[in-house]
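Let's take a walk through this model together. Have the sequence and the structure open side by side, and follow along from one site to the next.

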Amino acid sequence: MTDCVFCRIAAGEAPATKIYEDDTLCAFLDIRPIARGHTLVIPKRHATELEDLDADLGAQMFRAGHRLALAIRRSSLSADGANLVLNDGTAAFQTVPHVHLHVIPRNHGDKLRFAAGLLLRRPHEPMTTAEAIKGGIAALEAEDEGKSA
Ligand code: 5GP
Ligand code: ZN
């Protein structure tokens, strides 16, 4: 068994509140969210830092982060925007040595709540939060279907 916690989450061997999954990527709620809906997108194949990450996989990871940012705007979380952040390497305060992209929902005027979230890192009803984001993904897919119809 790998000692990488994100590899174990990707393999379904460690618990996580998953939001999205396909053959190459997985997205799940951060266990210590800065804001409600704070999600991590990871490649399933282990890469410690950007140095080890296949460029196409990196592009797919960003694409998934991009869609999640759109989904949380459409979800009942009603985000107005998002911070997409990737801490690359311990010099950049990366704490989990498996590449991951943070998608952190933001709202207009949330400066104090966001600052408190940075300090407290408290979970917010993970199951209902995950369902809300999945609802946003479904809304985005319905929009896409409408555009291609
Ligand atoms: P970093 O500082 O490496 O960019 O961020 C790592 C993130 O992973 C942190 O926000 C932390 O809360 C989250 N994290 C660490 N261990 C776990 C875990 O076992 N499960 C989940 N869901 N998130 C984790
Ligand atoms: Zn890993």
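Start at ligand 1, where a polar side-chain atom of D30 sits 2.4 Å from one of the ligand's oxygen atoms; a polar contact here is a pair of N or O atoms within 3.5 Å, and within protein one must be able to donate a hydrogen and the other to accept it, with residues adjacent in sequence counting only if both atoms are side-chain atoms. Taken alone, ligand 1 exposes 520 Å², and the protein buries 85% of that (accessible areas come from the Shrake-Rupley method with a 1.4 Å probe, and for residues only the protein chains shown count as cover).

Before going further, a word on what you're looking at: this is a predicted model, in which local features need pLDDT of at least 70 and side-chain atom pairs count only at pLDDT 80 or more, while totals for chains, interfaces and linings use all residues. Residues are numbered from 1 along each chain as its sequence is written, chains are lettered from A and ligands numbered from 1 in the order in which they are written, and side-chain values use heavy atoms, with hydrogens and water left out.

Back to ligand 1. The backbone gets involved too: an N or O backbone atom of T95 lies 2.6 Å from a ligand oxygen, and one of V96 lies 3.0 Å from a ligand oxygen. There are 17 residues around ligand 1, and D30, T95, H100, H102 and R121 come nearest (a residue is near a molecule or strand if one of its heavy atoms lies within 4 Å of it).

R121 is in the loop between α3 (111-120) and α4 (126-148); helices (H or I, at least four residues) and strands (E, at least two) are DSSP runs, numbered from the N terminus. R121 has a positive phi of about 50° although it is not a glycine. E125, in the loop between α3 and α4, also has a positive phi, about 35°, and is not a glycine either. With 56% relative accessibility, E125 counts as exposed (exposed means over 50% relative accessible area, buried under 20%, and partly exposed in between, with a 1.4 Å probe and protein chains only).

The other name is H102, in strand β5. H102 counts as buried because its relative accessibility is 10%. Its side chain makes a polar contact of 2.8 Å with the side chain of H38. Leaving out residues up to four places away in sequence, H102 touches D30, H38, T39, L40, N83, L84, V85 and N87 (contact means heavy atoms within 4.5 Å).

Now for the metal. Which residues coordinate the zinc ion (ligand 2)? They are C4 and C7 through SG, and H46 and H98 through ND1, at 2.0 to 2.3 Å; donors are N, O and S atoms within 2.8 Å of the metal (3.2 Å for Na, K and Ca), and water is not among the atoms, so sites may look incomplete. The angles among the 4 donor atoms run from 104 to 118°, and the site is tetrahedral. Four donors count as tetrahedral if all angles lie between 85 and 135 degrees. For comparison, the ideal angle for four tetrahedral donors is 109.5 degrees.

Along the sequence, the donor residues follow the spacing C-x2-C-x38-H-x51-H. C7 lies in helix α1 (residues 5-10) and H46 in the loop between β3 (39-43) and α2 (55-74), so this pair ties together parts that are 39 residues apart in sequence. C7 counts as buried at 16% relative accessibility, whereas H46 is partly exposed at 36%.

H98 sits in the loop between β4 (81-85) and β5 (101-106) and is buried, with a relative accessible area of 0%. A polar atom of the H98 side chain lies 2.8 Å from the backbone oxygen of P43. Among the residues that H98 touches are C4, C7, H46 and K44.

K44 belongs to the loop between β3 and α2 and is partly exposed at 24%.

Methods. Tetrahedral: all angles 85-135°; square planar, octahedral: opposite > 155°, others 65-115°.
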